[in-house]
Amino acid sequence: LSAEARERDLERALLDHLRQFLIELGVGFAFVGSQYPLEIGGQDYRLDLLFYHLRLRAFIVVEVKIGAFK
């Protein structure tokens, strides 16, 4: 399998176990979405996992990578 396919599999596994994953993250995290669309400078991107932390009032982006981050 390619790195991209393995990353998708990992992301799906995290989503399948989202409740437990949120417990591991700790209090205050809310799941916003997966493959969340984002446009920066006219270029389209997709965020693998997007969370919001209620106390910090900040978005938390989780980019799933199997290999080196580029």
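## Close-up views of a predicted model

View 1. Lys65 is partly exposed, with a relative accessible area of 33%; here partly exposed lies between buried, under 20% relative accessible area, and exposed, over 50%, using a 1.4 Å probe and protein chains only. Glu63 is also partly exposed, at 34%. The side chains of Lys65 and Glu63 form a salt bridge, with 3.6 Å from N to O. Such a bridge is counted when a side-chain nitrogen of Lys or Arg is within 4 Å of a carboxyl oxygen of Asp or Glu. Through salt bridges with shared partners, Glu7, Glu63 and Lys65 are linked into one network. Before you look further, please note that this is a predicted model, where local features need pLDDT of at least 70, side-chain atom pairs count only at pLDDT 80 or more, and totals for chains, interfaces and linings use all residues. Residues are numbered from 1 along each chain as its sequence is written, and side-chain values use heavy atoms, with hydrogens and water left out.

**View 2. The whole chain, for orientation.** The protein has two helices and three strands, arranged along the sequence as α-α-β-β-β. These elements are DSSP runs numbered from the N terminus, with helices (H or I) of at least four residues and strands (E) of at least two. Along the principal axes, the C-alpha atoms fill a box of roughly 35 × 30 × 20 Å. Of the 70 residues, 20% count as buried. The accessible surface is about 5400 Å², and carbon and sulfur atoms account for 56% of that area; the areas come from the Shrake-Rupley method with a 1.4 Å probe, and for residues only the protein chains shown count as cover. If you take the contacts between residues at least 6 apart in sequence, 31% join residues at least 24 apart, a contact being heavy atoms within 4.5 Å.

**View 3. Charges across the protein.** There are 9 positive and 10 negative charges, and their mean positions are 4 Å apart. Lys and Arg are taken as positive and Asp and Glu as negative, while His and the chain ends are not counted. Each charge is placed at NZ of Lys, CZ of Arg, CG of Asp or CD of Glu. The number of salt bridges comes to four.

**View 4. Glu4 and Arg8 in helix H1.** A salt bridge of 3.0 Å, N to O, joins the side chains of Glu4 and Arg8. Both residues belong to helix H1 (residues 3–16), where they are four residues apart, about one turn of the helix. Glu4 is exposed at 53% relative accessibility, whereas Arg8 is partly exposed at 38%.

**View 5. Arg12 and Asp9 in helix H1.** Here the side chains of Arg12 and Asp9 meet in a salt bridge of 2.9 Å, N to O. Within helix H1 this pair is three residues apart, about one turn of the helix. Arg12 has a relative accessible area of 46% and is partly exposed; Asp9 is partly exposed too, at 37%.

View 6. Glu11 sits in helix H1. This residue is buried but has no salt bridge, and Arg8, the nearest side chain of opposite charge, is 7.7 Å away. Apart from neighbours within four places in sequence, Glu11 is in contact with Ser34, Gln35, Asp48, Leu49 and Val64.

**View 7. The largest nonpolar core.** Five residues make up this core: Leu18, Phe21, Leu49, Phe51 and Val64. A core of this kind is a set of buried Ala, Val, Leu, Ile, Met, Phe, Trp, Tyr and Cys residues joined through side-chain atoms within 4.5 Å. Helix H2 (18–25) and strand S2 (43–53) each contribute at least two residues to the core. Setting aside neighbours within four places in sequence, Leu49 has contacts that include Glu11, Leu14, Leu15, Phe31, Ile60 and Val64.

View 8. Gln35 has a phi near 55 degrees, a positive value in a residue other than glycine. Gln35 lies in strand S1 (residues 29–40) and is partly exposed at 29% relative accessibility. Arg57 is not a glycine either, yet has a positive phi of about 55 degrees. You will find Arg57 in the loop between S2 and strand S3 (58–62), where Arg57 counts as exposed at 68% relative accessibility.
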